[in-house]
Amino acid sequence: MIAAPPPCTLPAARAAIVAAPSLRSLRATVEHGGGPDTLICHDLTGDGIADMAVTVFSGGTAGDVAWVVFRRAGGGWKPAYAQLHAYKVALVRSGRDLVEWQPVYRSGDANCCPSGGFAARRFSWNGRTFVVTSRRHSKTPP
């Protein structure tokens with residue numbers, strides 16, 4: 001009997017984060033007030049199998065502070081890429097790529113109001129991992 005593929009859901013993302021030794025630094029956030037936020041279920045690696053990308057909410061005013069891409073492996077989810085140091089990050093899908101947006105804060109900016117615009121990085125699968133394939137800056141949020 002073939003096992004059903006794992007679901008791409010927020011509870012599955014939470015369980016995958018907590019179970020992954022490489023994501024140990026996110027465990028306290030996920031277990032104490034924060035957790036999975038934006039969920040993207042799509043074949044990001046071009047192998048015909050849906051992957052799971054998820055941002056991690058801080059539980060406070062920092063917003064989403066990390067994001068992880070998981071690939072299906074052995075009836076579960078295995079981290080394929082992790083960006084563990086972010087601040088108020090947004091993650092969107094563009095085709096099979098992921099685009100990360102972060103506010104740019106200047107000296108003296110309040111937490112609510114970044115005056116430096118927004119930095120974007122586009123990530124693409126190179127056959128082994130996700131790599132930055134382009135960068136851009138915008139005055140307005142995505």
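**From a helix cap to the strands**

Thr9 caps the N-terminal end of helix H1. One of the side-chain oxygens of Thr9 lies 3.1 Å from the backbone nitrogen of Ala12. This is a predicted model, and every value here is computed from it.

Stay with H1, which covers residues 10-19. Which of its residues are buried? They are Ala12, Ala13, Ala16 and Ile17. Look down the axis of H1: these buried residues fall within an arc of 135 degrees, so they line one face of the helix. An α-helix has 3.6 residues a turn, so residues three or four places apart point the same way. On the other side of H1, Pro11 and Ala19 are exposed. What do the buried residues of H1 pack against? Their partners are helix H2 (24-31) and the strands E1 (35-42), E2, E3 and E4.

Now step back to the whole chain. It has 2 helices and 8 strands. Read along the sequence, the pattern is α-α-β-β-β-β-β-β-β-β. The radius of gyration is 16 Å, close to the 14 Å that the globule rule gives for 142 residues, so the chain is as compact as a globular protein of that length. Along its principal axes, the C-alpha trace spans about 60 × 35 × 20 Å. Of the 142 residues, 39% count as buried. Contacts also reach along the sequence. Take those between residues at least 6 apart: 40% of them join residues at least 24 apart.

Next come the aromatic rings. A pair of aromatic rings is described by the distance of the centres and the angle of the planes. The count for this model is 6 aromatic pairs. One of them joins Tyr81 and Phe130. Their centres are 6.3 Å apart, with 70 degrees between the planes. That makes the pair edge-to-face, because the angle is over 60 degrees. Tyr81 lies in strand E4 (residues 76-83) and Phe130 in strand E8 (residues 130-138), so the pair ties together parts that are 49 residues apart in sequence. Are these two residues buried or exposed? Both Tyr81 and Phe130 are buried. They also belong to one aromatic cluster, together with Trp67, Phe123 and Trp125.

Charged side chains make links as well. How many salt bridges are there? The count is 4. One of them joins Asp51 and Arg71, with the closest N and O atoms 4.0 Å apart. Asp51 lies in strand E2 (residues 51-57) and Arg71 in strand E3 (residues 64-73), so this pair ties together parts that are 20 residues apart in sequence. Asp51 counts as buried, at 1% relative accessibility. Arg71 is partly exposed, at 25%. Asp47 joins in too: Asp47, Asp51 and Arg71 are linked in a network of salt bridges.

Strands E6 and E7 come next. Asp97 forms a salt bridge with Arg122, the closest N and O atoms being 2.7 Å apart. Asp97 is in E6 (residues 97-103) and Arg122 in E7 (residues 118-125), so the pair ties together parts 25 residues apart in sequence. Asp97 counts as buried at 17% relative accessibility, because the cut-off is under 20%. Arg122 is partly exposed, at 27%. Glu100 forms a salt bridge with Arg121, and here the closest N and O atoms are 2.8 Å apart. Glu100 lies in E6 and Arg121 in E7, so this pair ties together parts that are 21 residues apart in sequence. Glu100 is buried, with a relative accessible area of 2%.

Technical notes
Residues are numbered from 1 along each chain as its sequence is written. This is a predicted model: local features need pLDDT of at least 70, side-chain atom pairs count only at pLDDT 80 or more; totals for chains, interfaces and linings use all residues. Side-chain values use heavy atoms; hydrogens and water are left out. Rings of Phe, Tyr and Trp (its six-membered ring) pair if their centres lie within 6.5 Å; planes under 30 degrees apart count as stacked, over 60 as edge-to-face and the rest as tilted. Helices (H or I, at least four residues) and strands (E, at least two) are DSSP runs, numbered from the N terminus. Buried means under 20% relative accessible area, exposed over 50%, partly exposed in between (1.4 Å probe, protein chains only). The arc is that of the directions from the helix axis to the C-beta atoms. Contact means heavy atoms within 4.5 Å. A polar contact is a pair of N or O atoms within 3.5 Å; within protein, one must be able to donate a hydrogen and the other to accept it, and residues adjacent in sequence count only if both atoms are side-chain atoms. The radius of gyration is taken over C-alpha atoms; the globule rule is 2.2 Å times the number of residues to the power 0.38.
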